[in-house]
Amino acid sequence: MHDIRKYLVTLVKIMAIFMLWGSSWAQESFQPVQFNHDYHLGDLGLTCLDCHKNAKHQERASIPNIDICSECHEDEFDNVEADKVFEYISFETAIPWKRVHRVPDHAYFSHRRHVQLGEIDCIVCHGDVEQMAAPFERPFVNMDMNWCLDCHEKSQISDECSDCHR
Amino acid sequence: MDKSTMENSNEDLDLFRSIEYTGNGFYWTVGFLIFVIAFGLYGYFHQVLYGLGVTGMAQPISWGFYIVNFVFFIGISHAGTLISAILRLSQAEWRRPITRMAEIITAIVLAIGGLHPILDLGQPGRMWNLVTNGRLQSPLLWDVTSITAYFAASTVYLYLPMIPDIAILRDRGVKPKWLYQFLSWNWQDTPEQKRVLERAINILMIMVIPIAVSVHTVISYIFAMTIQPGWHSTIFGPYFVAGAIFSGIAALMIAMIAFRKIFHLERYLKLIHFQYLSTLLLIMSIIWFYFTFSEYLTTFYGNEPDEMRVFNYKFIGDFAPYFWLMVFCNFAVPVIILSFKKTKTIPGILVVSFSVLIGMWLERLIIVVPSLANPRLEYPVGIYIPTITEWGLFAAGVAIFILGFLMFAKYFPLISIWEIREGRESSIKEVAHRLQSYMPDTYEEDELERALK
Amino acid sequence: MQESGNHRWGMVIDLNKCTGCGECVAACKVENNVAIVGAEESEMDRTMFWMDIITTHEGEYPDTEVTYFPRPCFHCDNPPCTKVCPVRATYRNDEGIVTQIFPQCIGCRYCMAACPYTVKSFNWFAPDWPEEMNSSLNPDVSVRPVGVVEKCTFCIHRLQKAKELARAEDRELREGDYLPACSESCPTDAISFGDLNDPHSEVNKLAKSLRAFRMLEELGTEPKVYYLSKVE
């Protein structure tokens with residue numbers, strides 16, 4: 001009986017260690033900089049297109065990097081994350097953002113088609129970015145074909161395979 | 001059990017031997033077969049891992065052994081249910097020891113053959129697309145449909161007449177008891193049960209014939225629906241069905257001869273059974289030749305250049321050895337051996353059966369490959385050399401068939417016991433009565449009444 | 001979205017102009033990320049071309065007449081390949097392009113067997129590029145996985161982009177907005193491409209020329225690639 005209790009205690013300890021290790025691993029930030037959308041959009045009053053400059057007129061929306069950041073981050077701010085950005089800028093190295101929103105290469109997705117021609121708001125696919133204090137770790141929605149077709153059907157847009165697949 | 005059936009069950013002891021007695025040979029054979037199957041499976045995993053490139057297929061010969069074997073195995077599956085149903089329907093009394101074996105062959109080979117197109121898929125993981133996005137306009141979907149229907153119908157058609165036999169095994173206390181208990185479905189041999197069973201068999205037997213014919217017709221449509229030279233032919237449907245029955249009978253006779261030899265069933269599978277079946281085989285051989293002749297004569301006489309390239313490839317080109325070997329195996333051998341009483345013996349029939357199987361396999365090869373090897377546009381002629389993976393999977397297919405047959409024989413009687421008993425007890429009277437009714441000087445009862453009025 | 005169905009894309013190849021240089025073949029391979037198979041595979045007849053050149057010889061040496069037929073997919077109006085596809089992985093769209101939907105293909109190769117022109121290729125192995133070449137792949141075209149069938153798509157990705165650009169600029173699609181890589185790259189302008197439905201387009205005029213013929217026309221597949229026969 002006593003042995004079993006001892007055994008259980010050890011097991012719990014091992015599990016606790018694993019859980020601690022696991023949680024610390026998860027806490028390690030996914031993106032290089034804890035970019036705060038909430039602050040930039042809400043407090044500073046920027047718009048999505050100010051930084052994601054190609055979202056309206058190009059296929060790819062573009063993830064902003066130091067050339068855009070440096071327009072404002074000319075000096076150090078009183079913020080750890082901002083300092084990181086400044087460091088990247090001063091060393092002239094690109095911030096290694098991890099791309100989160102990705103459509104498979106056999107599908108043709110164009111931001112221009114959706115933002116400019118389709119007049120769809122950014123939040124429809126990317127969520128309420130204005131409320132997000134941390135950068136994306138995973139896509140806002142699971143971008144599979146059913147999700148695409150859902151919207152295409154609702155808005156009576158073509159569901160021809162060859163309009164998107166290639 | 002009453003006294004007479006007791007006596008009979010003693011008489012039919014031979015039929016239980018395969019179930020109740022297991023020799024060393026059985027284990028050795030099973031072990032060997034499993035080895036062959038494992039080898040084939042290894043090849044398949046290799047193929048899934050690296051792609052279909054591990055086979056010998058290429059451009060333009062994009063179909064090879066898998067499709068050939070698919071057509072071949074499905075062809076053999078016609079042995080069974082179709083022959084059994086036709087014999088039952090025509091009340092051929094000599095069918096009794098044969099039908100069960102024929103039906104088993106169908107069920108097992110159909111499962112193997114039906115899996116072959118999956119071996120041939122480049123993306124087997126996407127197979128589900130056939131259900132979610134299937135296009136019924138594609139002959140491949142016709143195949144999926146009719147093979148599934150045929151498999152369902154023929155397994156039921158195999159199982160139903162087995163119920164009384166399973167009940168006999170259950171009553172004898174054969175192990176595993178739960179299996180026979182479960183499968184016998186509380187069969188008590190009551191007249192009501194017999195009536196229901198007979199009705200079910202009669203309905204199925206009639207249903208199964210058109211399904212069986214459709215299966216091989218539809219397989220031929222895979223080829224015939226395209227506009228490729230050598231394939232685009234209207235007689236492909238019946239040609240394939242005839243070939244299927246032909247190879248089916250051959251496979252059935254090989255199984256019968258092997259089984260009879262191993263379990264000493266000479267009393268049940270008599271020379272007369274083989275002679276009747278081999279007469280059927282001889283007829284099918286001649287029908288096969290007739291179809292082949294019509295098929296190639298039309299091509300030759302029409303003399304269309306694209307068709308002629310394929311024709312010449314078969315008759316005098318790269319495939320000539322196979323083509324003429326096929327004609328020899330499928331026509332010369334059966335006709336010569338089976339026409340003479342002196343050679344129409346069990347060994348002779350065995351030789352013919354093997355020869356027909358080889359010939360019919362070659363026929364499938366000769367249909368699939370040459371048309372692909374000779375594209376219409378000016379490309380060089382393609383070559384196809386199957387690899388060890390393809391041979392391995394072919395061997396595994398045959399091994400699965402033998403293993404399935406053995407395992408079946410291990411648990412169920414391969415010769416229908418109750419039908420033999422029924423034949424012994426009541427059919428002789430019935431047949432005598434039937435024969436009498438054919439005669440001019442007897443009346444059917446209702447006819448008599450009508451005549452009197 | 002786009003006004004589909006008004007167009008019927010087609011190609012006219014002038015055999016008089018074609019020198020058989022192979023530029024179209026190379027351009028096509030690069031544009032469409034067509035896999036490069038090794039020497040060993042090539043030996044086994046597994047080379048992949050979306051655009052190929054068929055060479056025919058007529059007459060006895062030294063009076064031989066050599067003709068080069070650049071051979072894309074013919075994008076038949078009555079395609080034998082799409083009819084037999086069990087999963088609708090290949091079909092003819094409203095504008096006459098016979099497309100391949102790669103993620104849908106189960107790799108049964110029935111379409112390859114049914115195509116009288118043998119234009120389709122199969123990915124026998126997963127495509128494999130040298131490390132350095134990975135960054136030079138065209139991002140507009142998918143890299144096909146192992147076990148699917150592929151063929152010329154008339155560079156449909158270019159059509160998708162051209163249509164979008166035209167709409168963004170609020171105008172109709174103009175002739176020349178959409179050209180496949182082969183047509184664009186041909187140094188002798190032997191390959192013209194355009195809308196066969198447009199009465200003013202170059203291809204429409206050329207296709208009506210007395211020299212125009214189509215490959216294996218007698219099969220009734222109605223190909224949309226015309227050849228202009230050689231004249232002295």
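# Chain contacts and cavities in a predicted model

In this predicted model, helix H16 (346-373) of chain B and helix H4 (110-114) of chain C each supply at least two residues of the lining of the largest cavity.

Trainee: How much space lies in the largest cavity?

Mentor: The rule applied here gives a count of nine cavities of 30 Å³ or more. For the largest cavity, the space comes to about 130 Å³.

Trainee: Which residues that line the largest cavity are the closest to its centre?

Mentor: By class, the lining of this largest cavity divides into nine nonpolar, six polar and two charged residues. The lining is made of 17 residues, and those closest to the centre of the cavity are Gln228(B), Leu372(B), Met112(C), Cys115(C) and Thr118(C).

Trainee: Among the pairs of chains that touch, which has the most contacts?

Mentor: Chain A and chain B can be set aside at the outset, since no contact joins them and their closest C-alpha atoms lie 13 Å apart. Two pairs of chains do touch, and the most contacts are those between chains B and C.

Trainee: What area is buried between chain B and chain C?

Mentor: The contact draws 43 residues from chain B and 47 residues from chain C. Carbon and sulfur atoms give 56% of the area buried between these two chains, and that area is about 3,500 Å².

Trainee: Which residue of chain C forms a salt bridge with Asp120(B)?

Mentor: Side chains of opposite charge can pair when their charged atoms come close. Across the interface of chain B and chain C, the rule finds one salt bridge. With its closest N and O atoms 2.6 Å apart, the salt bridge of Asp120(B) is formed with Arg109(C).

Trainee: Which helices of chain B each supply at least two residues of the side that touches chain C?

Mentor: Between chain B and chain C, 27 residue pairs are in polar contact, with both residues at pLDDT 80 or more. The helices of chain B that each supply at least two residues of the side touching chain C are H7 (129-132), H8 (139-159) and H11 (191-224).

Trainee: How many charged residues does the side of chain B that touches chain C have?

Mentor: Taken by class, that side of chain B has 23 nonpolar and 15 polar residues, and its charged residues number five.

The interface of chain A and chain C comes next.

Trainee: Which residues of chain A lose the most area to chain C?

Mentor: The contact takes 19 residues from chain A and 24 residues from chain C. The area buried between chain A and chain C is about 2,100 Å², with carbon and sulfur atoms giving 50% of it. Together accounting for 32% of what the chain A side buries, the residues that lose the most area are Arg113(A), Leu117(A) and Arg166(A).

Trainee: With which residue does Asp140(C) form a salt bridge?

Mentor: The rule finds four salt bridges across the interface of chain A and chain C. In the one formed by Asp140(C), the closest N and O atoms are 3.6 Å apart, and the partner is Arg166(A).

Trainee: Which elements give two or more residues to the side of chain A that touches chain C?

Mentor: Between chain A and chain C there are 15 residue pairs in polar contact, both residues being at pLDDT 80 or more. The elements of chain A that give two or more residues to the side touching chain C are helix H6 (111-117) and helix H9 (161-164).

Trainee: How many residues apart are Arg100(B) and Asp165(B)?

Mentor: Over all chains, a search of the whole structure finds 33 salt bridges, and one of them joins Arg100(B) to Asp165(B), with the closest N and O atoms 3.2 Å apart. This pair links distant parts of the chain, with Arg100(B) in helix H6 (residues 99-119) of chain B and Asp165(B) in helix H9 (residues 163-172) of chain B, a separation of 65 residues.

Trainee: Which residue is joined to Pro60(B) by a cis peptide bond?

Mentor: Pro60(B) lies in the loop between helix H3 (24-50) and helix H4 (65-76) of chain B. The cis peptide bond has an omega of about -5 degrees, and the residue it joins to Pro60(B) is Gln59(B).

How values were computed: Residues numbered from 1 in each chain as written. Chains lettered and ligands numbered in written order. Predicted model: local features only at pLDDT ≥ 70, side-chain atom pairs only at ≥ 80, totals over all residues. Heavy atoms only, no water. Contact = heavy atoms within 4.5 Å. Buried area = accessible area lost by both parts, 1.4 Å probe. Salt bridge = Lys/Arg side-chain N within 4 Å of Asp/Glu carboxyl O. Polar contact = N/O pair within 3.5 Å; in protein donor to acceptor, adjacent residues only side chain to side chain. Helix = DSSP H or I, 4+ residues; strand = E, 2+ residues; numbered from the N terminus. 1 Å grid on protein atoms, 1.4 Å probe; cavity = no way out; pocket = protein on both sides within 12 Å on 5 of 7 lines; lining within 4 Å. Points joined across faces, edges and corners; volume = space filled by probe spheres on them. Nonpolar A, V, L, I, M, F, W, Y, C, P; charged D, E, K, R; others polar.
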